[in-house]
Amino acid sequence: MTGQFYRVKCKCSNEQVIFGKTATEVKCSECEEVLVKPTGGRADVKATVLEALQ
Ligand SMILES: [Zn+2]
């Protein structure tokens, strides 16, 4: 999961588009849940991935 955008769904049901390769934590804009954690260049996506965007 790198170098690509993903549409993810938080457990609060908020949908958000995130970048698969991130250096910073991405939080849900609704509930502050951590959606993506950076792990040495490769993102660890905690939320449910709905689709990969081209
Ligand atoms: Zn949320």
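Asp44 is partly exposed, with a relative accessible area of 28%; the label "partly exposed" covers values between buried (under 20% relative accessible area) and exposed (over 50%), using a 1.4 Å probe and protein chains only. The model is predicted, so local features need pLDDT of at least 70 and side-chain atom pairs count only at pLDDT 80 or more, while totals for chains, interfaces and linings use all residues. Residues are numbered from 1 along each chain as its sequence is written, and side-chain values use heavy atoms, leaving out hydrogens and water.

**Salt bridges**

- The structure holds 4 salt bridges, a salt bridge being a side-chain nitrogen of Lys or Arg within 4 Å of a carboxyl oxygen of Asp or Glu.
- One of them joins Asp44 to Lys46, at 3.1 Å from N to O.
- Lys46 is partly exposed, at 49% relative accessible area.
- Another is formed by Glu51 and Arg7, whose closest N and O atoms are 2.8 Å apart.
- This pair links distant parts of the chain, with Glu51 in strand S6 (residues 48-53) and Arg7 in strand S1, 44 residues apart; strands (E, at least two residues) and helices (H or I, at least four) are DSSP runs, numbered from the N terminus.
- Both partners are partly exposed: Glu51 has a relative accessible area of 36%, and Arg7 has 28%.
- Lys37 and Glu25 also meet through their side chains in a salt bridge, 3.6 Å from N to O.
- Lys37 lies in strand S4 and Glu25 in the loop between S2 and S3, so this bridge ties together parts that are 12 residues apart in sequence.
- Lys37 is partly exposed at 34%, and Glu25 is partly exposed at 39%.

**Zinc site**

- The protein donors of the zinc ion are the SG atoms of Cys10, Cys12, Cys28 and Cys31, lying 2.3 Å from the ion.
- Donors are N, O and S atoms within 2.8 Å of the metal (3.2 Å for Na, K and Ca); water is not among the atoms, so sites may look incomplete.
- Along the chain, the donors of the zinc ion follow the spacing C-x1-C-x15-C-x2-C.
- Cys12, in the loop between strand S1 (5-9) and strand S2 (15-19), and Cys31, in the loop between strand S3 (26-27) and strand S4 (34-39), are 19 residues apart.
- The 4 donor atoms subtend angles of 104 to 113 degrees around the zinc ion, which makes the arrangement tetrahedral; four donors count as tetrahedral if all angles lie between 85 and 135 degrees.
- The ideal angle for four tetrahedral donors is 109.5 degrees.
- Cys12 is partly exposed at 31% relative accessible area, and Cys31 is partly exposed at 34%.

**Aromatic pair and nonpolar patch**

- The structure holds 1 aromatic pair.
- Phe5 and Phe19 form this pair, which is tilted, with 4.8 Å centre to centre and 50 degrees between the planes.
- Rings of Phe, Tyr and Trp (its six-membered ring) pair if their centres lie within 6.5 Å; planes under 30 degrees apart count as stacked, over 60 as edge-to-face and the rest as tilted.
- Phe5 lies in strand S1 and Phe19 in strand S2, so the pair ties together parts that are 14 residues apart in sequence.
- Phe5, Val17 and Phe19 form a nonpolar patch on the surface, with about 260 Å² of accessible area together.
- Patches are made of residues with over 30% relative accessible area and no salt bridge, with nonpolar side chains (Val, Leu, Ile, Met, Phe, Trp, Tyr) joined within 5 Å and like charges within 9 Å.
- Accessible areas come from the Shrake-Rupley method with a 1.4 Å probe; for residues, only the protein chains shown count as cover.
- Val17 is found in strand S2 and is partly exposed, with a relative accessible area of 44%.
- Phe5 is partly exposed at 44% relative accessibility, and Phe19 is partly exposed at 33%.

Methods. Tetrahedral: all angles 85-135°; square planar, octahedral: opposite > 155°, others 65-115°.
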